[in-house]
Every structure is written in structure tokens, then in C-alpha cells.
Amino acid sequence: MATHHAAAARRRRATGPAPSLTGPASDVHPVLRRATAPPAALDLLAQARAGLDEAVLLETPNERYATAHLAALRTAAAVLAARGRPEPSARRRAKIRSAWEVLPEIAPELAEWSALFATGARRRARAEAGIQGAATTRDADDLLRDVAMFLRLVERMLVLQPVLPQPRQEPGQEPGQATRDAPDVPDAG
């Protein structure tokens, strides 16, 4: 008889609107929201955006190229600020590595971008040094376009991430273990 009452209670719960796992019933579907990227990462993204806007207005290809490449570097630094971890050993900490070397370890999905911008680092150094013809108009235009795409990608990756509801926990239940009546929710990671 106890089984009959438990089954009836489950049916009654199932007849109403689907319960939210973390909030009011209107908050059931995954929605893009601001993630909790560290302020340093958000500041670096803002600096990268400002640098890219500045690069578009500059007249000489060398200046445009160098400023755009710096915007890409700040974008990579934002990823490192959000996801990076200190090097595990003193020996590894002692070795200085460029952001383009570290980025693929922290964010493997950005490895191709890292390789692209790493190849432009020498040209940027030459452009910053004022070496005539270090960057052509075409080089600067191509880099501006690439940096704009990279910046948008990283902004979406760090700032606008889907937040999915997590299963609620019963008292005494271990984290990650859903209740029996709760539907399975795909993992956001």
C-alpha cells in the first residue's frame, strides 16, 4: 500500500509544470548569461577592444599591424587570466615563455590562433621598431580582421557562456548525485 501512495505522489508532481532545478519555474531553459570571468580578464578584453578600435584608425601599416597584434596579445592574456594556473615547479616558473606558447596548454581550442599570432610576433617587433616595410597594408588589414575574429571568439568563450541548471541535492546527498525524481541535465562543460 505504501508503494501505491508513493507512485501516486510522483504522478501528481509530474502533472504540473516541470519544476526548475535551481530557481523559479520560468528559469528552466539554458540561457546565455554573463559568466564569472575575473575582473582582470574582463579588463584585458576591454583593452584589447580599445586597441583594435585604435588600430583601425591608424594610418601607417606598421602602426596598424603592431597595435592590432598587441590587441591579440591582450586577448590571449585575458584567456590566461581567466583559466591560467601557476606553473607547478620552480624550474618551469623560472623559464619565461610567451603567451603564444602557454595559450594552447590552457585553451587547446585556441591552438591554431596561437600559432597564427606567434608567427606575427617578429613582424610586430620590426613594425614597432619602425623598420620601413615591416608590414604592408595587406598584412595590417589581414591581421586586423583576424584579431577582430579572435577577440569576438574569446569574448564569447569567457563572457557569454551558457549556464545550465544543476540538479538539486537532497540533504546528506553527495555533490554530483541527482535526486531520483530529477531529470538528467547535460553537463555544461
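## Nonpolar core

The largest nonpolar core contains 31 residues, and those with the most contacts inside it are Val79, Leu103, Leu110, Phe117, Val147, Phe150 and Leu158. A nonpolar core here is a set of buried Ala, Val, Leu, Ile, Met, Phe, Trp, Tyr and Cys residues joined through side-chain atoms within 4.5 Å. Buried stands for under 20% relative accessible area, exposed for over 50%, and partly exposed for the range in between (1.4 Å probe, protein chains only). Two or more residues of this core come from each of H2, helix H3 (61–83), H5, H6 and H8. H8 gives the largest share, ten residues.

## Model and conventions

This is a predicted model, in which local features need pLDDT of at least 70 and side-chain atom pairs count only at pLDDT 80 or more, while totals for chains, interfaces and linings use all residues. Residues are numbered from 1 along each chain as its sequence is written, and side-chain values use heavy atoms, with hydrogens and water left out.

## Overall chain

The chain has eight helices and two strands. Helices (H or I, at least four residues) and strands (E, at least two) are DSSP runs, numbered from the N terminus. Along the sequence they follow the pattern α-β-α-α-α-α-α-α-α-β.

Of the 189 residues, 29% count as buried. Among contacts between residues at least 6 apart in sequence, 74% join residues at least 24 apart; contact means heavy atoms within 4.5 Å.

## Packing of H2 and H8

Helix H2 (residues 39–57) packs on helix H8 (residues 137–158) at an angle of about 160°, with the axes 11 Å apart. Axes are lines fitted to C-alpha atoms, for helices over the stretch in contact, and angles run from 0 to 180 degrees between N-to-C directions. H2 and H8 are therefore roughly antiparallel to each other; angles under 35 degrees count as roughly parallel, over 145 as roughly antiparallel, 65 to 115 as roughly perpendicular and the rest as oblique.

H2 passes H8 in a left-handed crossing, a term used if the near helix is turned anticlockwise from the far one by less than a right angle, with right-handed used if clockwise. From H2, the contact involves Leu45, Ala48, Arg49, Leu52, Ala55 and Val56; from H8, it involves Leu144, Val147, Ala148, Leu151, Arg152, Val154, Glu155 and Leu158. By class, these residues are eleven nonpolar, no polar and three charged. Ala, Val, Leu, Ile, Met, Phe, Trp, Tyr, Cys and Pro count as nonpolar, Asp, Glu, Lys and Arg as charged, and the others, Gly among them, as polar.

H6 and H8 pack at an angle of about 145°, with their axes 12 Å apart, and H6 passes H8 in a left-handed crossing. Trp113, Leu116 and Phe117 of H6 meet Leu143, Asp146, Val147, Met149, Phe150 and Leu153 of H8. The contact of H6 with H8 divides into eight nonpolar, no polar and one charged residues.

Between helix H5 (residues 99–106) and helix H6 (residues 111–119) the angle is about 175°, and the axes lie 8 Å apart. H5 and H6 are therefore roughly antiparallel. Trp100, Glu101, Leu103 and Pro104 in H5 are in contact with Ala111, Ser114, Phe117 and Ala118 in H6. This contact has six nonpolar, one polar and one charged residues.

## Individual residues

The contacts below leave out residues up to four places away in sequence. Val147 touches Leu52, Ala68, Ala71, Ala72 and Phe117. Val79, found in helix H3, is buried with a relative accessible area of 0%. Val79 touches Gly84, Leu103, Ile106, Ala107, Leu110, Val154, Met157 and Leu158. The C-alpha atoms of Val79 and Glu155, 76 residues apart along the chain, are separated by 9.3 Å. Trp100 belongs to helix H5 and counts as buried at 8% relative accessibility. Trp100 touches His69, Ala72, Leu73, Ala76, Ser114, Phe117, Ala118 and Phe150.

Arg64 lies in helix H3 and is buried, with a relative accessible area of 10%. Arg64 is in contact with Ala55, Val56, Leu58, Glu59, Thr137, Ala140, Asp141 and Leu144. Asp43, in helix H2, is partly exposed, with a relative accessible area of 43%. Asp43 and Thr75 are 32 residues apart in sequence and 10.0 Å apart in space, C-alpha to C-alpha.
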